[in-house]
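Please read the following note alongside the sequence and the model.

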Amino acid sequence: MKRIYLLLINLLIVCAALTGQAATKKICTMTLNSPDEKEALRDLYASENVEIMELAPSTNKNPYWLQQACNAGIECDVLLVSGHFGGVFFGEGVSTTLDLKELERLSCSNSCPGILKKPKDVFLMGCNTLSTKSPDKRSIEEYVEVLIKNGFPRDLAERVAFARYSEFGMSISQIFSSAFPHARRLHGFASTGPLGKVAAPLMKQALKGTSAEAFFTNGPDVQKFKKVFGGSSYRVVEPAKEMDANYKTLTCNAYSENIFENRDAIAFLSKKLHLKKYYEPLLEATQNKLFMSLLKDAVQGSSDVRNNFVSFFIEISNASSLPLKMKFQFLELQEQLGLMPPIVKEELQTKLIKARLAEGLSFIVTDQFCAMKDYLKNTELRAEWLLTSAGSWQYVPRLSQCFGGYDPGIQAILKEMMYSQESAIRREALRALQGRLISHDFKDLLQVSATWPRRDRLDMSYSLGLRSPLENLSINVDSCLKQATSKDSPESRDGYRWYCYKEFEAQIDSPVKCQQLARTFETQSVTGIDWNCLTRFTGDIHLGACLEAADRNLDVESSDDMRWYCWSKLSEQKQLSRSECLALASSMKIQGNRFKANWNCMNRVK
């Protein structure tokens, strides 16, 4: 009897514990800018039965934070995302971002159910998070400028603005609904929304009197929210009613690696008479080789399907405000589907390039082309395409490096610029001329560069390999490095190279020599050498060496740390032009770092 009594007591204890666990609710937050809204919910509901869990990293460095939160099996009853928004959640002066496209992919793969499927209420506290296609007080052009001022690269800003205001594609509200199809309600803004310091007290006011039980069971009082946020563009939607089910299915099937799901997507596209709503899944799916192969077969196998796609491409190519990069993407897509011969695609691309350059060169135009390097790798930049205005020549060096090549006319311009009195222009011209100079040029440069600052001579040595015998590695270092090659594995060879560096560090007395040694490494142990090269010779640091060292570093966080270190030192020393700054920013591996660096270039560097 006593034994049965003890068993009953233990069962009651276990049941009580389980009941306590079931009663515990979790509010998950992703704070990309100010924590005001999070703190408002904490003040209202944090208790032993309600946990407030922050998912975004406080260090601003981890690009995999969301996937790691998903993998951890975290389950959220309510989700709050706060930050500036323009297709991507971001914050001021931080590197953490949250891309709507990433949410879509995670939702499709069903790899994040606890965060994307379980919450009943999702608060999207940022501008335009629940926007429709209806226009607001801003034009597409004005919205592009707003995004650029916030650090967006030009090509991304134009794509986001086109998605927001054009008649093509889904609205942002529909796409968020597709990412959170199981939520009861999404809360957000149809246009500009209040800053966190304004929104937080309004949230507290709207939730005042709503108990935790009511909040988690029935959700907030929507009418009260609308009243309190009156005068703003506050909006609440039910995803099941807002989303386009066809878009959701198409997107997930097009992204999938499952051939049957790919076929389902293609069967749907083949039946659609109007494809303008579904351009985004089409563009994103170009990375899926199986899907593209099946789609090409469908387009080539039916005249009706073919004609439908041809009509779609004509319609979207004539869309006002279609970004230049997207025009190139649609031309590439037509070629992939066998709807356009390569020579015609190249002719149309050239026409687009000439038309854009005819508007004149500027930072914006240069940055726009440099964001399209992958589409320009087979295109030669020609001098005849450029307007001959005095102020535009400063952009030629960087522009020329973003094309697959350039003609003799551009080369002549660059050769003239490599003797410029302005160090920044001279540096960029020399980088652009790498591999293009002849012995006569080298002879002239050696003579002229004798009067240049040491940093510029080192930069020339890096860019062109043009250095004096004094800048070569010593016999001792060379001999040591040759011994390293006799070892039996990359790790042991690099271990010996580290020994060479430490043994003869005093003789490796310039960044040029340090870079020469770093280039001999075969493994990622080179990262230590590269950091030594950068930190030992801070006074002589230059962009070319920074980019080379960062590109050797396969860890994206550490790689971007190198770039930030270089940005900091070059900026302090007034040795970074805006054009060089933008080149450095565009090389960042983490999206948030690109935003942050772009903002710095446009606002802190002249």
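1. In this note a residue is called buried when its relative accessible area is under 20%, exposed when it is over 50%, and partly exposed in between, with a 1.4 Å probe and protein chains only. By that rule Cys76, with a relative accessible area of 0%, is buried. Cys28, also assigned 0% relative accessibility, counts as buried.

2. The model is predicted, with local features requiring pLDDT of at least 70 and side-chain atom pairs counting only at pLDDT 80 or more, while totals for chains, interfaces and linings use all residues. Residues are numbered from 1 along each chain as its sequence is written, and side-chain values use heavy atoms, with hydrogens and water left out.

3. How many disulfides does a search of the whole structure find? The search finds eight, a disulfide being a pair of cysteine sulfur atoms within 2.5 Å. One of them joins Cys28 to Cys76, with an S to S distance of 2.1 Å. This pair links distant parts of the chain, 48 residues apart: Cys28 is in strand β1 (residues 25–31), and Cys76 is in the loop between α3 (65–71) and β3 (78–82). Helices (H or I, at least four residues) and strands (E, at least two) are DSSP runs, numbered from the N terminus. The link of Cys28 and Cys76 is left-handed, with -90 degrees about the S-S bond.

4. Another disulfide joins Cys108 to Cys252, again with a stated S to S distance of 2.1 Å. Cys108 lies in helix α4 (residues 100–109) and Cys252 in helix α13 (residues 245–255), so the pair ties together parts that are 144 residues apart in sequence. The link of Cys108 and Cys252 is left-handed, with -80 degrees about the S-S bond. Cys108 counts as partly exposed at 23% relative accessibility, whereas Cys252 is buried at 17%.

5. Two packed helices are described by the angle between their axes and the distance between the axes. The axes of α4 and α13 come within 10 Å and cross at roughly 85 degrees; these axes are lines fitted to C-alpha atoms, for helices over the stretch in contact, and angles run from 0 to 180 degrees between N-to-C directions. The two helices, α4 and α13, are therefore roughly perpendicular to each other. Angles of 65 to 115 degrees count as roughly perpendicular, under 35 as roughly parallel, over 145 as roughly antiparallel and the rest as oblique.

6. Which residues make the contact of α4 with α13? Glu104, Arg105, Ser107 and Cys108 of α4 meet Tyr247, Lys248, Thr251, Cys252 and Tyr255 of α13, where contact means heavy atoms within 4.5 Å. By class, the residues of this contact divide into four nonpolar, two polar and three charged. Ala, Val, Leu, Ile, Met, Phe, Trp, Tyr, Cys and Pro count as nonpolar, Asp, Glu, Lys and Arg as charged, and the others, Gly among them, as polar.

7. Helix α13 is mostly covered, with eight of its eleven residues buried. Among these buried residues are Tyr247, Lys248, Leu250 and Cys252. The buried residues of α13 pack against α4, α8 (172–179), α14 (259–271), α15 (279–284) and α16 (289–301).

8. A further disulfide joins Cys480 to Cys500, with an S to S distance of 2.0 Å. This pair links distant parts of the chain, 20 residues apart, with Cys480 in helix α27 (residues 475–484) and Cys500 in helix α28 (residues 490–503). Cys480 is buried, with a relative accessible area of 4%, and Cys500 is buried, with a value of 0%.

9. Helix α19 (residues 342–357) and helix α20 (residues 363–370) pack at an angle of about 160 degrees, with their axes 11 Å apart. That angle makes α19 roughly antiparallel to α20. In their contact, Ile353, Arg356 and Leu357 of α19 meet Ile364, Val365, Gln368 and Phe369 of α20. The classes here are five nonpolar, one polar and one charged.

10. Most residues other than glycine have a negative phi. Asn110, in the loop between α4 and α5 (113–116), has a positive phi near 55 degrees. Asn110 counts as partly exposed at 43% relative accessibility. Lys574 has a positive phi near 55 degrees and lies in the loop between α32 (556–572) and α33 (578–586). Lys574 is exposed, with a relative accessible area of 73%.
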